[in-house]
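Here's a quick briefing to read alongside the structure. Have the sequence open while you go through it.

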Amino acid sequence: MAVLVNECKKELTERILPFWNKLRDDENGGFYGFMNNDLEVDKKADKGVILNSRILWFYSSCYRTLKEEYMLDNARHAYEFLKKCVDRENGGVYWMMTFDGKPSDDMKHTYNQAFAIYALSTYYLASDDKSALDLAFEIFDTVEKKCTDDIAYMEAFSRDWKLVPNDALSENGLMADKTMNTVLHLIEAYTVLLEASRDHRVEERLMFLLDVTKEKIFNSENNCLRVFFDRELNQIGDIHSYGHDIEASWLLDRACEVIGDRRLMADWRFINLRIARNIYDIAYENGAVNNERENDKIDKKRIWWVQAESVVGFVNAFQQGGEKLYIDAAEEIFRWIVTKQADSRENSEWWGEVTFEGEPMQTVDMVNPWKCPYHNGRMCIEIINRNVSI
């Protein structure tokens, strides 16, 4: 495990950070929104708010772990741009901005609000800038006022918070009113907001989200998470997202740790170990983790974020349950990452998708509104901070 810690630190400091450092836009703010697979930057491409929120989270978290001043400066730079993404009239953050910081898609999405809260709360923990925490609470209050119904959270809205079709987070030919993905990342966001504030309102809503996950999203018969739902949280489609399951297995544990309730922690540890073991048994194959199952068809291409979350998820499963097979899996997946998923070209980062055999598919651009340093950067930070020994 010590080798994995050292290798993750090397991956972070010698590949991921240098790549993203060069994407800072000092002329127009934030970070450039697009790079193709020929490593060509489009400096006038739209900038995804999710992308810039995740970059703010990334540099804030890097600073908290490695304490390099330039990391805090890059986080501050991302924070200044994120403030431009806030709708001061209607509340919440927009979906997409122009390269120079004007709304280009003014949709409001609960998932997007969650990442803004996550980033702002983490920046506050890194910088002690109270304005960031205040803004996180403004968005939290907006989400709780505008996005909730009598069951859980609705997701896609117009600028003035009228419901619109949830195209942004629906896939596989389905149109979902609600998704596991949004619930998971609200949990993630509220976990860090609670850590930063110890606010009882945040704890209440985090507990509510955990209850929704346990009662409606977790499939106890198959030890997996349901993915897409109608408005009443009835499942639609038959999809199993392997990456989201292994990611959830450690994020849910983290939420319970921050809440600090021992009974809650024990209950979720039992569930999360079942989820992790299921992924180990059915999705871990040929040195990495497959993507998903839809009906009876398994998608075996290897997605960059799935591999990153699998390393963290399996290390977490080892910490929670003690079975060495999880450390062995985490180390093998990391070897896959550095030999297959990571682009060997100078000044590059990770391929978004590779084949089952490890050949780059070049179907996902190197940087886009979703392709960012959040998953792979977080993998490195988590492994460095956990520093597990066996």
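**Quick briefing**

Let's start with a cysteine: at 0% relative accessibility, Cys380 counts as buried (buried is under 20% relative accessible area, exposed over 50%, partly exposed in between, with a 1.4 Å probe and protein chains only). This is a predicted model, where local features need pLDDT of at least 70, side-chain atom pairs count only at pLDDT 80 or more, and totals for chains, interfaces and linings use all residues. Residues are numbered from 1 along each chain as its sequence is written, and side-chain values use heavy atoms, with hydrogens and water left out.

**Cysteines**

- The disulfide count is zero, taking a disulfide as a pair of cysteine sulfur atoms within 2.5 Å.
- Cys380 is in no disulfide, and its nearest cysteine sulfur, on Cys8, sits 4.7 Å away.
- Cys372 is in no disulfide either, with the nearest cysteine sulfur, that of Cys62, 12 Å away.
- Cys372 is also buried, at a relative accessible area of 1%.

- Helix 12 covers residues 374-386; helices (H or I, at least four residues) and strands (E, at least two) are DSSP runs, numbered from the N terminus.
- Of the 13 residues in helix 12, 12 are buried, so the helix is largely enclosed by the rest of the structure.
- Among those buried residues are Cys380, Arg378, Glu382 and Arg386.
- From first C-alpha to last, helix 12 reaches 17 Å, close to the 18 Å expected at 1.5 Å a residue (the expected span is 1.5 Å times one less than the number of residues).

**The largest pocket**

- The largest pocket has a volume of about 700 Å³.
- On method: a 1 Å grid is laid over the protein atoms alone, and a pocket is an open set of points with protein on both sides within 12 Å along at least five of seven lines, while a cavity is a set of points where a 1.4 Å probe fits but cannot get out; lining residues have an atom within 4 Å of a point.
- Grid points are joined across faces, edges and corners, and a volume is the space filled by probe spheres set on the points.
- Which residues lie nearest the centre of the largest pocket? They are Glu171, Asn181, His244, Trp305 and Trp370, out of 28 lining residues.
- Helix 6 (180-197), strand 11 (239-241), helix 8 (242-259) and helix 10 (304-321) each supply at least two residues of this lining.
- Helix 6 gives the largest share of the lining, three residues.
- By type, the lining of the largest pocket has 12 nonpolar, nine polar and seven charged residues (Ala, Val, Leu, Ile, Met, Phe, Trp, Tyr, Cys and Pro count as nonpolar, Asp, Glu, Lys and Arg as charged, and the others, Gly among them, as polar).

**The second largest pocket**

- The second largest pocket has a volume of about 370 Å³.
- Its lining has 20 residues, of which Trp57, Arg64, Glu195, Arg254 and Glu382 lie nearest the centre.
- At least two lining residues each come from helix 2 (49-66), helix 4 (110-127), helix 6, helix 8 and helix 12.
- The lining of the second largest pocket splits into eight nonpolar, five polar and seven charged residues.

**Helix 6**

- Helix 6 is mostly covered, with 16 of its 18 residues buried.
- The 18 residues of helix 6 should span 26 Å at 1.5 Å a residue, and the end C-alpha atoms are 25 Å apart, which agrees.
- Arg198 follows helix 6 and has a positive phi, near 55°.

- Strand 1 pairs with strand 2 (residues 96-97) over two bridges, in the antiparallel sense.
- Gly48 sits opposite Met96 in strand 2.

**Loop residues with positive phi**

- Leu39 is not a glycine, yet has a positive phi of about 65°.
- Leu39 sits in the loop between helix 1 and strand 1, and is partly exposed at 23% relative accessible area.
- Asn347, also not a glycine, has a positive phi of about 65°.
- The loop holding Asn347 runs between helix 11 (324-341) and strand 17 (353-354), and Asn347 counts as partly exposed at 47% relative accessibility.

Note on methods:
Pairing = 2+ DSSP bridges.
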